[in-house]
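Subject: Structure handover

Hello,

Here is the structure for you to look over. My notes follow below it.

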Amino acid sequence: MADDRRKTKSKYTSDRLIPGSFEGETVTRRRFMTGTVNIAGAVAVSAIALPALGFALGPVFERTELKWQAVGTPDEFPETTYVPKVITIVAGIGQAGKSTAYVRKRNPNIDTDKPDKYNQYVAISTRCMHLGCPVRFVEAASRFICPCHGGVYNFEGLVDGGPPVRPLDRFYTRVRNGQVELGPRYSVNSELHRFSPRDPAQPLDGIGQYLYPSRPTVRKLPPPQS
Ligand code: FES
């Protein structure tokens with residue numbers, strides 16, 4: 001009995017008495033056909049799934065170019081109110097890629113964030129940090145107001161009321177060739193500490209900064225530039 005079992009386990013089909021077997025054959029036709037069908041299936045699935053996966057994940061890993069854009073001469077921007085400027089957020093898609101930034105000169109009596117070469121002008125993003133509606137600076141109230149769900153931000157862009165989870169995002173600023181330039185966007189927490197840009201509804205205070213990491217391509221803040 002034990003001998004028979006050993007015999008049927010031979011790798012040669014002829015030893016296993018399979019009808020139609022050839023001398024020296026080790027793979028049964030059934031196994032060969034099953035393997036062929038499995039490989040064909042895997043190729044077909046890969047042909048559909050891999051391009052779709054690449055299409056979906058590609059933009060996540062696409063590095064965004066570091067660009068600065070001029071918005072006006074320094075004397076255009078007072079310390080006590082904001083000047084709205086239209087800037088390009090995504091190039092090459094026309095009006096859909098434009099947004100408004102509110103820009104003013106830094107005011108040491110108002111601004112509480114640490115001064116450096118990138119914040120001598122304050123440029124505030126108009127994207128609400130609740131769900132992304134465009135906010136508007138209301139000069140009479142000295143506040144940014146969101147029309148969607150009543151979000152209110154103070155003069156520095158810090159949350160004053162309503163559902164927004166963090167202050168308004170900002171843009172790096174610098175002066176080059178007699179022009180104020182806006183660089184990449186960055187996010188801030190309630191103490192105006194800088195973080196790589198996050199999406200709306202992602203808080204940055206406490207463990208929020210760890211729960212909502214930025215995308216891999218925008219994780220690094222730009223290196224200091226002269
Ligand atoms: S999107 Fe601004 S408060 Fe909701």
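A disulfide is counted here as a pair of cysteine sulfur atoms within 2.5 Å. By that rule, one disulfide is found in this protein, which is a predicted model.

Cysteines

Which cysteines does the disulfide join? The bond runs from Cys133 to Cys148, with an S to S distance of 1.9 Å. Cys133 lies in the loop between β4 (121-125) and β5 (136-138), and Cys148 lies in the loop between β6 (143-145) and β7 (152-153). The two are 15 residues apart, and the pair links distant parts of the chain. The torsion about the S-S bond of Cys133 and Cys148 is about -90°, so this disulfide is left-handed. As a reminder, a disulfide is a covalent bond between the sulfur atoms of two cysteines.

On accessibility, the cut-off matters: buried means under 20% relative accessible area, exposed means over 50%, and partly exposed is in between. Cys133 has a relative accessible area of 18%, so Cys133 is buried. Cys148, with 36%, is partly exposed. Two further cysteines are worth noting. Cys128 has a relative accessibility of 2% and is therefore buried. Cys146 is also buried, with a relative accessibility of 3%.

Overall layout

The protein has three helices and 11 strands. From the N terminus on, the order of elements is α-α-β-β-β-β-β-β-β-β-β-β-β-α. Of the 226 residues, 34% are buried. The accessible surface comes to about 14,000 Å², and carbon and sulfur atoms account for 59% of that surface. Among contacts with a separation of 6 or more, 45% are between residues 24 or more positions apart.

Strands of a sheet pair through backbone hydrogen bonds, either parallel or antiparallel. Val138 stands opposite Arg143 in β6.

Strand β10 and its partners

Is strand β10 mostly covered or mostly uncovered? Seven of the 10 residues in β10 (residues 179-188) are buried, so to speak of the strand as mostly covered rests on the 20% limit for buried residues. β10 pairs with β1, β9 and β11.

- β1 (residues 69-72) is joined to β10 by three bridges, and the two run antiparallel. Gly72 has Val180 in β10 as its bridge partner.
- β9 (residues 170-176) pairs with β10 over six bridges, in the antiparallel sense. Thr173 has Leu182 in β10 as its bridge partner. β9 and β10 form a hairpin with two residues between them, and Asn177 in the turn has a positive phi of about 50°.
- β11 (residues 194-195) is joined to β10 by two bridges, again antiparallel. Ser187 has Phe195 in β11 as its bridge partner. β10 and β11 form a hairpin with five residues between them, and Leu192 in the turn has a positive phi of about 65°.

Regards

Key
Residues are numbered from 1 along each chain as its sequence is written. This is a predicted model: local features need pLDDT of at least 70, side-chain atom pairs count only at pLDDT 80 or more; totals for chains, interfaces and linings use all residues. Side-chain values use heavy atoms; hydrogens and water are left out. Helices (H or I, at least four residues) and strands (E, at least two) are DSSP runs, numbered from the N terminus. Buried means under 20% relative accessible area, exposed over 50%, partly exposed in between (1.4 Å probe, protein chains only). Contact means heavy atoms within 4.5 Å. Accessible areas come from the Shrake-Rupley method with a 1.4 Å probe; for residues, only the protein chains shown count as cover. Two strands pair if DSSP finds at least two bridges between them.
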